[in-house]
Amino acid sequence: MTETMADLSEATPGSKSQQAYQAVKARIVEGTYTPGYRLVLGAIAKDLGFSVVPVREAIRRLEAEGLVTFERNVGATVAGIDPTEYLYTMQTLSIVEGAATALSAPLIDGQSIARARAVNQEMRECLEHFDPVRFTQLNQDFHSVLFEYCPNPHILDLVHRGWNRLAALRSSTFRFVPGRARDSVEEHENLLHLIETGADADDIEKAARRHRTATLDAYLAQTN
(Lines give C-alpha, C1' and ligand atoms only; values in the text may rest on other atoms or scores of the structure.)
Protein backbone atom coordinates (compact mmCIF):
# COMPACT_ATOMS: atom_id res chain seq x y z
CA MET A 1 0.00 0.00 0.00
CA THR A 2 1.35 3.41 -0.94
CA GLU A 3 1.82 5.78 2.02
CA THR A 4 0.39 9.26 1.73
CA MET A 5 2.27 12.33 2.89
CA ALA A 6 -0.09 12.46 5.88
CA ASP A 7 0.84 8.89 6.83
CA LEU A 8 4.52 9.75 6.65
CA SER A 9 4.00 12.90 8.68
CA GLU A 10 2.08 11.01 11.37
CA ALA A 11 4.86 8.45 11.63
CA THR A 12 7.65 10.99 11.93
CA PRO A 13 8.63 11.72 15.55
CA GLY A 14 8.86 15.45 16.21
CA SER A 15 6.91 16.40 13.08
CA LYS A 16 4.40 19.23 13.33
CA SER A 17 1.61 16.74 12.79
CA GLN A 18 2.88 14.65 15.71
CA GLN A 19 3.28 17.72 17.91
CA ALA A 20 -0.24 18.87 17.08
CA TYR A 21 -1.58 15.40 17.78
CA GLN A 22 0.11 15.25 21.18
CA ALA A 23 -1.01 18.76 22.13
CA VAL A 24 -4.66 18.29 21.20
CA LYS A 25 -4.83 14.80 22.72
CA ALA A 26 -3.34 16.10 25.98
CA ARG A 27 -5.99 18.81 26.18
CA ILE A 28 -8.74 16.25 25.62
CA VAL A 29 -7.36 13.81 28.20
CA GLU A 30 -6.81 16.56 30.79
CA GLY A 31 -10.31 17.89 30.28
CA THR A 32 -9.34 21.27 28.80
CA TYR A 33 -11.34 20.25 25.73
CA THR A 34 -14.52 18.75 27.19
CA PRO A 35 -16.99 16.39 25.44
CA GLY A 36 -18.83 18.33 22.73
CA TYR A 37 -16.13 20.98 22.49
CA ARG A 38 -15.84 22.21 18.89
CA LEU A 39 -12.33 21.84 17.49
CA VAL A 40 -11.84 24.82 15.19
CA LEU A 41 -8.79 24.00 13.08
CA GLY A 42 -7.78 27.60 12.41
CA ALA A 43 -7.95 28.58 16.08
CA ILE A 44 -5.95 25.53 17.20
CA ALA A 45 -3.37 26.07 14.46
CA LYS A 46 -2.92 29.70 15.49
CA ASP A 47 -2.59 28.71 19.15
CA LEU A 48 0.09 26.12 18.33
CA GLY A 49 1.86 28.31 15.80
CA PHE A 50 1.31 25.82 12.95
CA SER A 51 -0.51 25.87 9.65
CA VAL A 52 -3.90 24.15 9.43
CA VAL A 53 -2.51 21.11 7.58
CA PRO A 54 -0.74 19.34 10.51
CA VAL A 55 -3.67 20.14 12.80
CA ARG A 56 -6.08 18.56 10.32
CA GLU A 57 -3.87 15.44 10.20
CA ALA A 58 -3.81 15.32 14.00
CA ILE A 59 -7.61 15.59 14.20
CA ARG A 60 -7.95 12.71 11.72
CA ARG A 61 -5.77 10.52 13.93
CA LEU A 62 -7.82 11.42 16.99
CA GLU A 63 -11.00 10.59 15.10
CA ALA A 64 -9.57 7.15 14.28
CA GLU A 65 -8.89 6.65 18.00
CA GLY A 66 -12.45 7.59 18.90
CA LEU A 67 -11.55 10.80 20.71
CA VAL A 68 -13.05 13.07 18.05
CA THR A 69 -16.22 12.89 15.98
CA PHE A 70 -17.34 14.79 12.89
CA GLU A 71 -20.86 16.16 12.78
CA ARG A 72 -22.60 17.57 9.71
CA ASN A 73 -22.75 21.37 9.77
CA VAL A 74 -20.71 21.38 12.97
CA GLY A 75 -17.32 19.91 12.14
CA ALA A 76 -14.90 18.21 14.52
CA THR A 77 -15.96 17.94 18.15
CA VAL A 78 -14.59 16.11 21.18
CA ALA A 79 -16.37 12.77 21.55
CA GLY A 80 -18.45 12.05 24.62
CA ILE A 81 -17.52 9.43 27.21
CA ASP A 82 -19.39 6.17 26.67
CA PRO A 83 -20.43 4.90 30.15
CA THR A 84 -21.06 1.39 28.84
CA GLU A 85 -17.57 1.18 27.36
CA TYR A 86 -16.16 2.43 30.67
CA LEU A 87 -18.10 -0.26 32.55
CA TYR A 88 -16.82 -3.06 30.31
CA THR A 89 -13.27 -1.76 30.39
CA MET A 90 -13.17 -1.56 34.19
CA GLN A 91 -14.74 -5.00 34.60
CA THR A 92 -12.19 -6.54 32.26
CA LEU A 93 -9.28 -4.66 33.81
CA SER A 94 -10.24 -5.80 37.31
CA ILE A 95 -9.87 -9.42 36.16
CA VAL A 96 -6.68 -9.20 34.12
CA GLU A 97 -4.90 -6.69 36.37
CA GLY A 98 -5.78 -8.74 39.45
CA ALA A 99 -4.22 -11.80 37.82
CA ALA A 100 -1.16 -9.85 36.67
CA THR A 101 -0.60 -8.41 40.15
CA ALA A 102 -0.84 -11.85 41.77
CA LEU A 103 1.63 -13.34 39.27
CA SER A 104 3.98 -10.37 39.73
CA ALA A 105 3.96 -10.48 43.53
CA PRO A 106 6.72 -13.09 44.07
CA LEU A 107 8.99 -11.18 41.68
CA ILE A 108 8.58 -7.71 43.23
CA ASP A 109 11.66 -6.82 45.25
CA GLY A 110 12.08 -4.45 48.17
CA GLN A 111 13.29 -1.62 45.96
CA SER A 112 10.14 -1.79 43.85
CA ILE A 113 7.97 -1.91 46.96
CA ALA A 114 9.70 1.25 48.18
CA ARG A 115 9.14 2.91 44.81
CA ALA A 116 5.43 2.04 44.85
CA ARG A 117 5.10 3.28 48.43
CA ALA A 118 6.76 6.57 47.49
CA VAL A 119 4.24 7.04 44.67
CA ASN A 120 1.41 6.25 47.07
CA GLN A 121 2.74 8.89 49.43
CA GLU A 122 2.63 11.40 46.59
CA MET A 123 -1.00 10.39 46.05
CA ARG A 124 -1.70 10.96 49.74
CA GLU A 125 -0.16 14.43 49.53
CA CYS A 126 -2.16 15.13 46.36
CA LEU A 127 -5.35 14.72 48.41
CA GLU A 128 -4.68 18.00 50.22
CA HIS A 129 -5.13 20.10 47.07
CA PHE A 130 -6.87 17.54 44.92
CA ASP A 131 -5.90 17.36 41.26
CA PRO A 132 -7.79 14.43 39.66
CA VAL A 133 -5.61 14.33 36.54
CA ARG A 134 -2.39 14.24 38.57
CA PHE A 135 -3.88 11.70 40.96
CA THR A 136 -4.92 9.46 38.06
CA GLN A 137 -1.41 9.54 36.58
CA LEU A 138 0.13 8.67 39.95
CA ASN A 139 -2.41 5.88 40.30
CA GLN A 140 -1.25 4.38 37.02
CA ASP A 141 2.39 4.75 38.08
CA PHE A 142 1.62 2.89 41.31
CA HIS A 143 -0.15 -0.02 39.66
CA SER A 144 2.50 -0.28 36.97
CA VAL A 145 5.03 -1.24 39.64
CA LEU A 146 2.72 -4.01 40.84
CA PHE A 147 1.81 -5.60 37.51
CA GLU A 148 4.88 -4.99 35.30
CA TYR A 149 6.70 -8.03 36.70
CA CYS A 150 3.95 -10.33 35.42
CA PRO A 151 5.75 -13.20 33.64
CA ASN A 152 2.79 -13.90 31.35
CA PRO A 153 3.14 -11.54 28.36
CA HIS A 154 -0.40 -12.20 27.14
CA ILE A 155 -1.98 -11.13 30.42
CA LEU A 156 0.36 -8.14 30.60
CA ASP A 157 -0.67 -7.10 27.10
CA LEU A 158 -4.34 -7.20 28.12
CA VAL A 159 -3.58 -5.00 31.14
CA HIS A 160 -1.83 -2.43 28.96
CA ARG A 161 -4.74 -2.49 26.53
CA GLY A 162 -7.14 -1.84 29.38
CA TRP A 163 -5.17 1.16 30.65
CA ASN A 164 -4.87 2.53 27.11
CA ARG A 165 -8.61 2.18 26.66
CA LEU A 166 -9.21 4.12 29.88
CA ALA A 167 -6.94 6.87 28.58
CA ALA A 168 -8.89 6.94 25.32
CA LEU A 169 -12.08 7.31 27.34
CA ARG A 170 -10.44 10.30 29.08
CA SER A 171 -11.71 8.81 32.28
CA SER A 172 -10.33 10.35 35.43
CA THR A 173 -12.90 8.64 37.62
CA PHE A 174 -11.67 10.56 40.64
CA ARG A 175 -12.93 13.77 39.00
CA PHE A 176 -16.46 12.44 39.51
CA VAL A 177 -15.96 10.66 42.85
CA PRO A 178 -13.16 12.52 44.65
CA GLY A 179 -14.10 10.85 47.94
CA ARG A 180 -12.99 7.53 46.46
CA ALA A 181 -9.40 8.80 46.17
CA ARG A 182 -8.68 8.63 49.92
CA ASP A 183 -9.96 5.05 50.16
CA SER A 184 -7.88 4.15 47.12
CA VAL A 185 -4.66 5.26 48.82
CA GLU A 186 -5.40 3.09 51.86
CA GLU A 187 -6.21 0.10 49.67
CA HIS A 188 -2.85 0.59 47.93
CA GLU A 189 -1.12 0.29 51.29
CA ASN A 190 -3.01 -2.92 51.97
CA LEU A 191 -1.90 -4.36 48.63
CA LEU A 192 1.72 -3.51 49.42
CA HIS A 193 1.39 -5.17 52.83
CA LEU A 194 0.03 -8.37 51.26
CA ILE A 195 2.90 -8.49 48.78
CA GLU A 196 5.56 -7.69 51.41
CA THR A 197 4.35 -10.42 53.74
CA GLY A 198 4.18 -13.08 51.03
CA ALA A 199 0.42 -13.47 51.14
CA ASP A 200 -1.25 -16.19 49.10
CA ALA A 201 -1.57 -15.35 45.41
CA ASP A 202 -5.33 -15.85 45.56
CA ASP A 203 -5.64 -13.29 48.37
CA ILE A 204 -3.55 -10.76 46.43
CA GLU A 205 -5.60 -11.27 43.28
CA LYS A 206 -8.88 -10.84 45.16
CA ALA A 207 -7.64 -7.68 46.89
CA ALA A 208 -6.51 -6.19 43.57
CA ARG A 209 -9.85 -7.01 41.97
CA ARG A 210 -11.84 -5.57 44.88
CA HIS A 211 -9.75 -2.40 44.66
CA ARG A 212 -10.58 -1.94 40.98
CA THR A 213 -14.28 -2.80 41.27
CA ALA A 214 -14.69 -0.46 44.28
CA THR A 215 -13.74 2.46 42.04
CA LEU A 216 -16.18 1.27 39.38
CA ASP A 217 -18.97 0.86 41.95
CA ALA A 218 -18.37 4.37 43.30
CA TYR A 219 -18.54 5.82 39.78
CA LEU A 220 -21.71 3.92 38.91
CA ALA A 221 -23.38 4.98 42.18
CA GLN A 222 -22.54 8.62 41.46
CA THR A 223 -23.66 8.59 37.81
CA ASN A 224 -26.87 6.71 38.60
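**Entry 1: a question to start**

Which residues does Thr101 touch, not counting residues up to four places away in sequence? I looked it up: Thr101 touches Leu146, Phe147, Ile204 and Ala208, where contact means heavy atoms within 4.5 Å.

**Entry 2: ground rules**

I am working with a predicted model, in which local features need pLDDT of at least 70, side-chain atom pairs count only at pLDDT 80 or more, and totals for chains, interfaces and linings use all residues. Residues are numbered from 1 along each chain as its sequence is written, and side-chain values use heavy atoms, with hydrogens and water left out.

**Entry 3: the whole chain**

I found eleven helices and two strands in the protein chain; these are DSSP runs numbered from the N terminus, H or I of at least four residues for helices and E of at least two for strands. Along the sequence they follow the pattern α-α-α-α-β-β-α-α-α-α-α-α-α. The C-alpha atoms fill a box of roughly 55 × 40 × 30 Å along the principal axes. Of the 224 residues, 41% count as buried (under 20% relative accessible area; exposed is over 50%, partly exposed in between, with a 1.4 Å probe and protein chains only).

**Entry 4: back to Thr101**

Thr101 lies in helix α5 and is buried, with a relative accessible area of 2%.

**Entry 5: helix α7**

Next I followed helix α7, residues 132-147, which has 16 residues and reaches 22 Å from its first C-alpha to its last. That is close to the 22 Å expected at 1.5 Å a residue, the expected span being 1.5 Å times one less than the number of residues. At its start, a side-chain oxygen of Asp131 comes to within 3.2 Å of the backbone nitrogen of Val133. Its buried residues include Phe135, Leu138, Phe142, Leu146 and Phe147.

**Entry 6: where α5 and α7 meet**

The axes of α5 (residues 83-104) and α7 come within 7 Å and cross at roughly 55 degrees; axes are lines fitted to C-alpha atoms over the stretch in contact, with angles from 0 to 180 degrees between N-to-C directions. The two helices are therefore oblique to each other (under 35 degrees is roughly parallel, over 145 roughly antiparallel, 65 to 115 roughly perpendicular, and the rest oblique). From α5, I listed Glu97, Ala100, Thr101 and Ser104, which meet His143, Leu146 and Phe147 of α7.

**Entry 7: the loop at Asn73**

Last, I checked Asn73, in the loop between β1 (68-71) and β2 (75-78). Its phi is near 65 degrees, a positive value in a residue other than glycine. Is Asn73 buried or exposed? Asn73 is exposed, with a relative accessible area of 80%.

Terms used: A polar contact is a pair of N or O atoms within 3.5 Å; within protein, one must be able to donate a hydrogen and the other to accept it, and residues adjacent in sequence count only if both atoms are side-chain atoms.
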